[in-house]
Amino acid sequence: MTIDLAAYVDRVPQIVVERIRGARRVLAVSHENPDADTLGATLGIVRIVEALGGTADPVCTDPVPPLYDYLAGIERVRTDPDLAADYDLLVVSDCGTLDRVGDVRNRHAELFDRLPRVVIDHHASNDATGDADWIEPDAAATCEMVALLALRLGLPLDRDDGALATALMSGIVMDTATFAHPNATPRTLAVSAALVEAGAPLSDISRRLYRSKPMSQLRLFGRVLDRLDDVDGGRVIYSTLLDADLAATGTQPPHSEGIIDLLAQSEEAEVAILFKEAGPDTRISVRTKPGGVDATVLTGAFGGGGHARAAGATVALPVEKARHAVLAEARRLAAQVAR
């Protein structure tokens, strides 16, 4: 390896290193409605633990979307822990709050509460305060942090014929939109260069995540974009994804990934919002322009969080009422922006 990351490796907390090095059976958990960052980080933890001589089970409360079938080991992800396993550590990856783990936490509350834990996350809204809660809001992706963890533990990034590097690069590509977002820092680029050198196929990952969609997904995008609307002269734009859209196009909720990033391409909008039906509730995804509205402030008003430029929340209201409440707050915040 020719990429030197020694200057960054010391950012990994010693207690995180000790807990993972000492674990024999790890429960590695991702967030609900999984994306490439939470899955890549979780699979990365599994490979790290097993390289150290332990065993680990990757768990996600929701089924993994077919989009991520290219990740080696993705078939091992299960929706619940192994009830016969003698777990001695819980590792939660890419969850802005522990509630983001989803229903699996409620189904196994005693286990989740009993196990010592490590939290690895990069959401600015994460206020976790556990001894081994490692939160780095300046990291572009949780996978960026897990790459440094592997090196801190003395493990090469080219393990398993590039499978580790591919998993971790996938999370970085997803959360930076292939380095197009302002969260990509010099450290992000250095870690990514090391992952490419370790065997991660950057071009193929980018194509799979951002430039390859089934026709049904394109039809879904078309329905939602056709519903695009704005307020305050375009300073706030929004659209809505309904359950009926999924039924009409034969798609699933994960197929909506990427719509909000299209809305965020608006030249005029300070705030872009996608409203999604979620049973009696409404999920919102928010994007904002640099130097303007802090997306965590908007989503935080509704119990959500994330990053300054990209955040989300679940609003305990049906779509019509949620739209009224969220747009009112978005308009208030956008009106404070002077350019």
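## A mixed sheet

Let's start with one pair of residues in this predicted model: glycine 305 has glycine 312, in S11, as its bridge partner. Glycine 305 belongs to strand S10 (305-306), and S10 is joined by 2 bridges to strand S11 (residues 310-315), with the two running antiparallel.

Zoom out and you'll find both strands in an open sheet of 6 strands, ordered S6-S7-S8-S9-S11-S10, where the pairing is mixed. Its edges are strand S6 (229-231) and S10, which each pair on one side only. Helix H14 (residues 319-335) lies across S6, S7, S8, S9 and S11, at about 165° to S8.

## A parallel sheet

There's also an open sheet of 5 strands, and here the pairing is parallel, in the order S2-S1-S3-S4-S5. Strand S2 (55-59) and strand S5 (133-135) each have a single partner strand, so one side of each has no neighbour in the sheet. From one strand to the next, the twist averages 15°.

Look at S4 (residues 117-121) and S5: they pair over 3 bridges in the parallel sense, with valine 119 opposite aspartate 133. Helix H2 (residues 14-22) lies across S3, S4 and S5, at about 125° to S4. Helix H3 (residues 36-51) packs on the sheet too, touching S1, S2, S3 and S4, and its direction makes about 170° with that of S2.

## The nonpolar cores

Which residues have the most contacts inside the largest nonpolar core? They are Ile20, Ile45, Ile120, Leu149 and Leu195, in a core of 58 residues. Beyond its neighbours within four places in sequence, isoleucine 20 is in contact with several residues, including Ile45, Leu89, Val118 and Leu149.

A second, separate core has 21 residues, among them Tyr238, Val293, Ala313 and Val326.

Technical notes:
Residues are numbered from 1 along each chain as its sequence is written. This is a predicted model: local features need pLDDT of at least 70, side-chain atom pairs count only at pLDDT 80 or more; totals for chains, interfaces and linings use all residues. Side-chain values use heavy atoms; hydrogens and water are left out. Two strands pair if DSSP finds at least two bridges between them. Helices (H or I, at least four residues) and strands (E, at least two) are DSSP runs, numbered from the N terminus. Contact means heavy atoms within 4.5 Å. Axes are lines fitted to C-alpha atoms, for helices over the stretch in contact, and angles run from 0 to 180 degrees between N-to-C directions. A nonpolar core is a set of buried Ala, Val, Leu, Ile, Met, Phe, Trp, Tyr and Cys residues joined through side-chain atoms within 4.5 Å. Buried means under 20% relative accessible area, exposed over 50%, partly exposed in between (1.4 Å probe, protein chains only).
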